[in-house]
Amino acid sequence: MADKVKLERQAMCDRLAMEFEEGWIVNLGVGMPTLCSNYSDPSRDIINHSENGVVGYGPLAKEGEEDRHLVNAGGQHVTAQAGMAVVNHAESFMMIRGGMIDVTVMGAYEVAENGDFANWRIPGRKGGGIGGAMDLAACAKRVFIAMEHTTRDGKPKLLKKCTLPVTAPGVVKMVVTDLGLFEITPQGFKLVEHAPGWSPQEIQEQTEAKLIIQDDLKEFRFRS
Amino acid sequence: MDAAIADIPDGVTIFSPGFGGVGVPRNLLAALNRQGAKGLTAVSNNAGTVDELVDIGTLVEAGQIKKMICAFTATPHPSQVTPFTRMYNNDEIDAELVPQGTLAERLRIAAAGIGGFYTPTSVGTELAEGKEHREINGRIHVLEYPLPGDYGLIRAWKADKLGNLIFRLTQRNFNPLMAMAATTTIVEVENDIVEAGELDPDTIHVPGIYVDRLVRIPEDGIWD
């Protein structure tokens, strides 16, 4: 068996980006999900949407080439791309609530086997950060989550039921962690691909929810 | 700049647009900070950032804001402590947390003279508790109300003497909505204010009928 490794964040986000299809309108959350934009596949074009009303923008701007009026959802300077369009914030969320976004990728503190997830408030801390997450979670066609498999203290994050206040109920379709790729099915989490060297049983031990493990389980797919 | 905001009294509601550091009316905010109005309610996407630039957080830190209405009442990482975070944790400032798309639409309908709207965003979360729910076309929605304001502080790229405004790229964000939803709209402009007729009517984002005061940002003003 291969050496047991945890997946790097870029590999995790590459894997989700492989699921994007030609012509999809994609909204990437701040932080780790942004790494999805480093995966490029010349066989298909996707359209980047950001909450601040820009659709069809290009890669991050190189240092010294930033346009001070053009940023993505994380406030990073991005480049203009042919065909880019800009709208105001209300129109940007018309696109989101109106069902134009094919997939949104976000981070999370917890995901439950029924597709609930929590990413806006942590216990012991007053207030929370919602931003556009609740609109995106409720209304994008698909919600993908990229997160570590366990907390820093080793507690599982793939749960039977969320313990934190949810961002939206029952919406998550796919989760990538540093241990593998998971689909949320009506029966719960299905382990689709495992990190190299990790047996399904070892991944189950790091997971509170019961994993569905079937014969079609594969090893994690890296970018070629 | 100081004259433009001189009459803003204590206790009113102000709008502060901007997203990712772009389109923030920093010169007007700096002037309002010098002017010293207190007990203000502020509507803004966030409650200030950890950088040194003037934003709504500058007024929060100065004790001028009694309540924030925003999409983030916590920073993305607990390590990022803003003046707002400190004051909120000590119960020295009040806040209402609103999903970003709901915030934008509440501003839009305040401008549009509409009494409310139903959105699927936040259904099934803590934020929907106590709000009217209604099933529309088979989906549960919550009722949200308009969010009007007394003074809108706006940052624009170009303007003419009648107050017609044009924004550049993602500078637009909340600016048009807040310009149209405020009773008194005060605009800082990045370019020389031109004569009526010099801007193409088809390119105007906010008609001048919404705008009350215009100030050209001085050379030594805040440009970032």
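In chain B, 77% of the contacts with a separation of 6 or more join residues 24 or more positions apart; two residues are in contact if their C-beta atoms, placed from the backbone, lie within 7 Å. This is a predicted model, in which local features need pLDDT of at least 70 and side-chain atom pairs count only at pLDDT 80 or more, while totals for chains, interfaces and linings use all residues. Residues are numbered from 1 along each chain as its sequence is written, and chains are lettered from A in the order in which they are written.

**Overall form of chain B**
- Chain B contains six helices and twelve strands, taken as DSSP runs (helices H or I, at least four residues; strands E, at least two).

**Domains of chain B**
- An automatic or database assignment gives domain 1 (2–97 + 148–216) and domain 2 (101–146).
- Eight residues of domain 1 of chain B are in contact with eight residues of domain 2 of chain B.
- Helix α6 (residues 175–181) of chain B supplies the largest share of the domain 1 side, four residues.

**Contact between chains A and B**
- Chain A contributes 37 residues and chain B 39 residues.
- On the chain A side, α2 (89–97) and α3 (133–139) each supply at least two residues, and α2(A) gives the most, with five residues.
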